[in-house]
Amino acid sequence: TWAIRFNEPVLGASPADFSLAGTTASLEVSRVEGEYVYVTASGGDLADLDGDVSLDFVVSGGITDVAGNVLTQPFSTVLSQRQYNLDNTPPVATISSSAESPVHGPFSIDVSFGEFVSGFNAADLTVENGSAEVLFNNESGGSWPVRITPHENGEVRVTVNAGAVTDEAGNPNPQSGSAGLYRRLFRVFRKRQSCCPNGDAG
């Protein structure tokens, strides 16, 4: 919604007095209060759009002051910004590691989202057959180094939980079962000590 202020009270504002660029959405004059006109864009491709959407005037002769004088030039102040940048793309997690499988103890992974996100911590990971520790709080919001400690021999699966983080537009990372759910498999092998019958280590 855009809030537009004229230099005096106006009448007759309608969607025909404005143009919308960057989207297939429709315009509606949601209300007129004295010198304030509120214009709302809705529908169309807004729910999935990534990009700029801007509002401009069309001098159609529909807007007048209370004395009936027609607006011929759009002398007004757009109180909210004239252009919005829409971001409907959620952040998608990627897990990478320089560790080669099988690993033989704790190892490190990097969890990244490809854009600035906030809210990530160790509780946002599901680790099967292991535990996770985020090594430091990354204020840049791009990626986090994580130490994985296996519990026993076998497979270690690391999953980034759905809704773990949000980007600057408030989009959460995808729900469980969607294409954005990321899981990484590692195998753990630890050499077991054998003991001789007399109790000496072999």
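The legends below describe close-up views of a predicted model.

Local features are reported at pLDDT of at least 70 and side-chain atom pairs at pLDDT 80 or more, whereas totals for chains, interfaces and linings use all residues. Residues are numbered from 1 along each chain as its sequence is written, and side-chain values use heavy atoms, with hydrogens and water left out.

**Figure 1. Overview of the protein.** The secondary structure comprises zero helices and 18 strands; helices (H or I, at least four residues) and strands (E, at least two) are DSSP runs, numbered from the N terminus. Of the 202 residues in the protein, 33% are buried, that is, under 20% relative accessible area with a 1.4 Å probe and protein chains only, against over 50% for exposed and partly exposed in between. The accessible surface, from the Shrake-Rupley method with a 1.4 Å probe, comes to about 11,400 Å², and carbon and sulfur atoms hold 48% of that area. Among contacts (heavy atoms within 4.5 Å) with a separation of 6 or more, 67% join residues 24 or more positions apart.

Figure 2. Strand 10 is joined to strand 11 (residues 107-112) by three bridges in antiparallel fashion, and isoleucine 95 has valine 111 of strand 11 as its bridge partner. Six bridges connect strand 11 with strand 15 (residues 143-150), again in the antiparallel sense; here isoleucine 109 is partnered by valine 146 of strand 15. Strand 14 and strand 15 run antiparallel and share five bridges, with serine 131 facing threonine 149 of strand 15 as bridge partner.

Figure 3. Serine 97 is located in the loop between strand 10 and strand 11. A polar contact is a pair of N or O atoms within 3.5 Å; within protein, one must be able to donate a hydrogen and the other to accept it, and residues adjacent in sequence count only if both atoms are side-chain atoms. The serine 97 side chain reaches the backbone nitrogen of alanine 99 at 3.0 Å and the backbone oxygen of serine 108 at 2.7 Å.

**Figure 4. Aromatic pairs.** The structure holds seven aromatic pairs; rings of Phe, Tyr and Trp (its six-membered ring) pair if their centres lie within 6.5 Å, and planes under 30 degrees apart count as stacked, over 60 as edge-to-face and the rest as tilted. One of these pairs, phenylalanine 113 with tryptophan 144, is edge-to-face, at 6.1 Å centre to centre and 80° between the planes. Phenylalanine 113 lies in the loop between strand 11 and strand 12 (117-118) and tryptophan 144 in strand 15, so the pair ties together parts that are 31 residues apart in sequence. Both residues are buried. Elsewhere, ring pairs link Phe6, Phe18 and Phe57 into a cluster.

Figure 5. Strand 6 (residues 51-57) pairs with strand 9 over four antiparallel bridges, and valine 53 has tyrosine 84 of strand 9 as its bridge partner.

Key:
Pairing = 2+ DSSP bridges.
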